[in-house]
Amino acid sequence: MAARSLLAAAFLALAVPAVLCQAPGPAAPKGPPNVTAILEKGGQYATFIRLMKATQQDTQLNSQLNNSFGSGYTVFAPTDNAFNSLKPGTLNKLSQQEQVSLVQYHILPQFYSLDSFETASNPVRTQASGSDGPYTLNITADSNNQVNVSTGLVATRVGTALRDTQPLAVYSVDKVLLPNDLFGVKPPTSAPPAPTKKPAKGGSVAEAPAGSADSAPSGAAPGGARVAGWSLAALVLGAAGGLL
């Protein structure tokens with residue numbers, strides 16, 4: 001018995017330290033997802049991160065994820081190469097509010113897995129759409145389960161999923177989604193009507209109506225006829241005076 005007790009004690013002395021020295025497993029993620037951290041981990045979204053921070057859309061999205069998951073969110077994240085392919089000055093010419101709309105155009109107010117895109121009802125609203133406004137996308141899936149997204153100006157395929165777990169999905173895209181509402185051809189504005197010309201002060205007298213004395217044809221001068229009448233009268237009076 002004594003020997004068995006000693007062997008048991010020796011076994012426990014060796015086993016307990018080994019258990020205590022085991023490395024802990026990976027910690028389960030705590031709290032809501034952080035879109036900025038996800039993009040930073042992706043490693044090729046620096047421009048999109050800067051644009052989100054400049055418009056405070058990163059803070060707004062993280063706050064919404066922290067307060068309430070709701071229907072979740074989906075983010076299309078353009079790569080740095082996507083931004084580099086834009087014409088120079090494309091972003092700089094936008095106002096602050098237009099930059100906000102551009103970022104929100106890349107965010108859907110609903111969680112979509114790659115499979116659930118097949119049942120998306122077009123046009124798909126974005127964060128820039130509001131309840132029933134413009135700034136919508138068309139999303140389709142082909143027979144190869146490849147998802148395509150179109151703005152009307154730009155069409156691209158949905159790439160790698162940086163995250164696809166409720167409540168947030170983040171997908172890489174190789175083009176910046178340019179909304180037609182910001183970058184489309186604006187309809188020509190109609191020219192204002194020509195102003196009505198006003199007569200100058202003391203302007204010319206209106207033409208006399210046809211048939212009036214002042215509009216007599218050339219060669220028939222009413223004024224001359226009156227002068228001839230007065231001359232004839234003077235001759236008659238002169239003759240009468242001679243008789244007297």
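Contact means heavy atoms within 4.5 Å of each other. The model is predicted, so local features need pLDDT of at least 70 and side-chain atom pairs pLDDT 80 or more, while totals for chains, interfaces and linings use all residues. Residues are numbered from 1 along each chain as its sequence is written, and side-chain values use heavy atoms, without hydrogens and water.

Serine 129 lies in the loop between β2 and β3 (138–141). Strands (E, at least two residues) and helices (H or I, at least four) are DSSP runs numbered from the N terminus. Serine 129 is buried, at 6% relative accessible area; buried means under 20% with a 1.4 Å probe, protein chains only. Beyond its neighbours within four places in sequence, serine 129 contacts Pro134, Tyr135 and Thr136. Its side chain reaches the backbone nitrogen of threonine 126 at 3.0 Å.

Helix α6 (residues 96–104) also has buried residues, among them Val100, Leu102 and Val103. Their cover includes α3 (46–54), α4 (57–67), β2 (107–108) and α7 (180–183).

Strands β4 (residues 147–150) and β5 (residues 155–165) pair in the antiparallel sense over three bridges. Pairing requires at least two DSSP bridges between two strands. Serine 150 stands opposite alanine 155 in β5. The two strands form a hairpin with four residues between them, and glycine 152 in the turn has a positive phi of about 100 degrees. Strand β5 also pairs with β6 (residues 168–173), antiparallel, over five bridges. Here arginine 163 has valine 170 in β6 as its bridge partner. Two residues link β5 to β6 in a hairpin.

Methods: Buried < 20%, exposed > 50% of the residue type's maximum accessible area, 1.4 Å probe, protein only. Polar contact = N/O pair within 3.5 Å; in protein donor to acceptor, adjacent residues only side chain to side chain.
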